[in-house]
Every structure is written in C-alpha cells, then in structure tokens.
Amino acid sequence: MAEKMSGERTHTIGLIPGDGTGPEVVEEGVKVLEAVSKKFGVGFHFKAFDLGGEAYKRNGTLLPDGVLDQLRSMDAVFLGAIGHPDVNPGILEKGILLKLRFTLDLYINLRPVILYPGVASLLKDKGPEDIDFAVIRENSEGVYAGGGGLFKEGTPDEVAVQESINTRKGVERCLRYAYEYCRKRNRRKHLTLCGKTNVLIYESGLWYRVFQELHDAYSDIEIDYQHVDALCMWMLKNPEQFDVIVTSNLFGDIITDIGAVIQGGLGIAAGGNINPEGNAMFEPIGGSAPKYTGLGKINPMAAIGAVQMMLDYLGEEAAAQAVLDAIRKVVKEDLKGLGAGKMGYSTGEVGDLVVQALSSS
Ligand code: IPM
Ligand code: MN
C-alpha cells in the first residue's frame, strides 16, 4: 500500500493494520489523513507492514529485525491492533507490541481521557466538564521488563518470581515528561503521581522521591500523590479533580482501562507510545475484537483519535486541531453511540462523516 501524496511537508507513516478489526480502523484513519493532506497540503507517504497473528501463523515470524529497522526509519507508526484467538496469550504481545515499545524505547504511553459532548459516560452524574485529563504511563520498565523466573517449575515447591525494574533514569525521564506536558497543557497545572508507597516501598519510593526532587524545577505545577487503589475509586467518584496523572507501567495499564470506560468506552479511547527524542507509535487502545472482524461494525473513532494525536506529534498542530473538531462534531451530532454496532453508521460511514466535517470546516 505504498503511496505518495504531494504536499509541502511529507511525513512517512508506517502502518501496522494487524489483526481482527485492526485493518478496518486503520483504513478509516488513513482516509482522514488523506483528507488532511488535501486540506492542509501535508504529504503522507504510507508504508504498510504485515505483522500480527495472521502473519505469525502464515510464516512464523513476529517482528524481524529488518522490519524493525524500517519502522524505526518512519516519522511515525500507526497501529491497528495485535491479537489473535488462535495464538497463545503473550506471544504476539511480547513479540510485537512490547518489542516495539522496548526496542524503539517508546518510554511514554500518553492516554488522554476526554468525555466529548454528546457522549453518555458510565458515570451518570458526570459531563464533559468533569472528565478531561491525561494519563502518562511509563512504557518501558516495571513488571513489563519481564524480569523474574520460575524455580522448581511444576513441583509442589514451585516458586514464581516476577520482578519490577525501575531505573532512576527511566523514572526521571517519565516524570520530567509529565511535568512538561502538564505545563504545556496549561489547564489546571495539577500533576498527580499514582503509586503504592505503602506496600511497594522500593518501586513507588523511588518514584515518589524523584517526583519531589523534580518539583523544584516545576514550582508552577501543583502536585499530589495518590495510592493506586484510592485513585481507581476517585477516577469513578470524582474525576474532575484530575488534570494529569503520571504512573508506572502496570498501574498505567490498569487505570487507563477505567479511563477508557468513563470516556465512553474503547470505541473512542486512543493512545500514543512516544519517545520524545525519537520514534512514536499511535494506536486505538482497544484490541483486535475478533467477533466484529469484517462486519463494518467496529467504531473507528479511537483510531481517528490516534491519528489526531499523531498529527500533533508530527508538528501538524492546525491539522490536529481540525481533526479534533471534526471528531467532536461527528460524535455530538451524528453518532447514536460509541460501541461496536451502536454508532448508527458503519465503520466506513463514520470515517466518511469525519472527512466531511473536516472538509467543510
Ligand atoms: C495495552 C495492552 C497491552 C499492555 C497488552 C496487549 C500487552 O493492554 O496497551 O494497554 O498491557 O500494555
Ligand atoms: Mn491495557
């Protein structure tokens, strides 16, 4: 699907449509990028990569080094979904998604939680003014680093050790990004550290100390700390208190699923895996949704949201804003719901509506 479009600036975009409904939503994201290209005179050069469960079943490969090098050379990567019902859990995740995050050192996972006007939140008393924050999840360390092992496996004396790796460098660069992001966002300038200092005294202790140390350079930002269990409760009870939340890899994984559901579900939740000095990969947070594959029922809005974040990352701020406005308009005025099969339109029609809104703005 290599394709060249004309424009003043050209960005090379690696596409990983992946599995299940991934290709369907990537197609809609590309449709929106093509419309952006026309409207803003930005060029995109797409290069598609055949990765995922189907490719693994066909030829036994996950993420060959040559492919990794090509992806590294892209200005940004747009991922649909990785995950296949016929492949044992962990293989594709570790061999593709986590490998991309680790080898490209995409140490930030940025996951905005925004309830758009017109969307029904699971929280019946909360509206768009209450749910508008961002989670910054550390994306390269913690338990995801895979440290640990089994001893006396399969015997009654079996021992399973699962380690959490937290380097000062890794913690510091994530916290620094969070402070900077909070400052740039310039809303409430409030940064919450999420941890578990009362139990994970080493891991969360390090996060807490570095958080405090860095605060000297960011005294314009108000900070607070919450234990992860309490924070889960507050996300549901009182989400309006949050502006930016920063946390370790596993806690970030967990709390962003809560974030997704309070913003209207996986049909709308997008995220970016970012190395601020290097590569970046954007994705809808939802998975490959095998049961909806090929039916035109999956909501592409999360993927279009990922495209919007990608444009912002690429420095195409005007285009990013226009896509955001188009998403807001379509969500508010056209869509009946955000769940798969509930939009009142097919996957392709939702993409067309966004393109229409974009072109007429
Ligand atoms: C996510 C996903 C992944 C994660 C899985 C698929 C490995 O849940 O991106 O949140 O745990 O990071
Ligand atoms: Mn997750």
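**Pockets and ligand**

Biologist: How do the residues lining the second largest pocket divide?
Modeller: Into nine nonpolar, five polar and seven charged. Nonpolar means Ala, Val, Leu, Ile, Met, Phe, Trp, Tyr, Cys or Pro, charged means Asp, Glu, Lys or Arg, and the rest, Gly included, are polar. A pocket is an open set of points on a 1 Å grid over the protein atoms alone, with protein on both sides within 12 Å along at least five of seven lines, and lining residues have an atom within 4 Å of a point.

Biologist: Is this predicted or what?
Modeller: It's a predicted model: local features need pLDDT of at least 70, side-chain atom pairs need 80 or more, totals for chains, interfaces and linings use all residues, and side-chain values use heavy atoms, without hydrogens or water. Residues count from 1 along each chain as written, while chains are lettered from A and ligands numbered from 1 in written order.

Biologist: What takes up the space of the second largest pocket?
Modeller: Ligand 1 does, going by more than half of its atoms lying within 2 Å of the grid points.

Biologist: And which residues surround ligand 1?
Modeller: Glu93, Leu97, Arg101, Arg111, Arg137, Tyr144 and Asp253, each with a heavy atom within 4 Å. That shell has two nonpolar, no polar and five charged residues. Helix 4, residues 91-103, gives the largest share of the shell, three residues.

Biologist: OK, new topic. How many residues line the largest pocket?
Modeller: It has 38, and Leu110, Pro112, Tyr181, Gln308 and Asp312 lie nearest its centre. Strand 5 (108-114), strand 6 (132-138), helix 5 (168-185), strand 12 (270-274), helix 9 (301-313) and helix 10 (317-333) each give two or more residues to that lining.

Biologist: Which of them gives the largest share?
Modeller: Helix 5, with seven residues.

How values were computed:
On a 1 Å grid over the protein atoms alone, a cavity is a set of points where a 1.4 Å probe fits but cannot get out, and a pocket is an open set with protein on both sides within 12 Å along at least five of seven lines; lining residues have an atom within 4 Å of a point. Helices (H or I, at least four residues) and strands (E, at least two) are DSSP runs, numbered from the N terminus.
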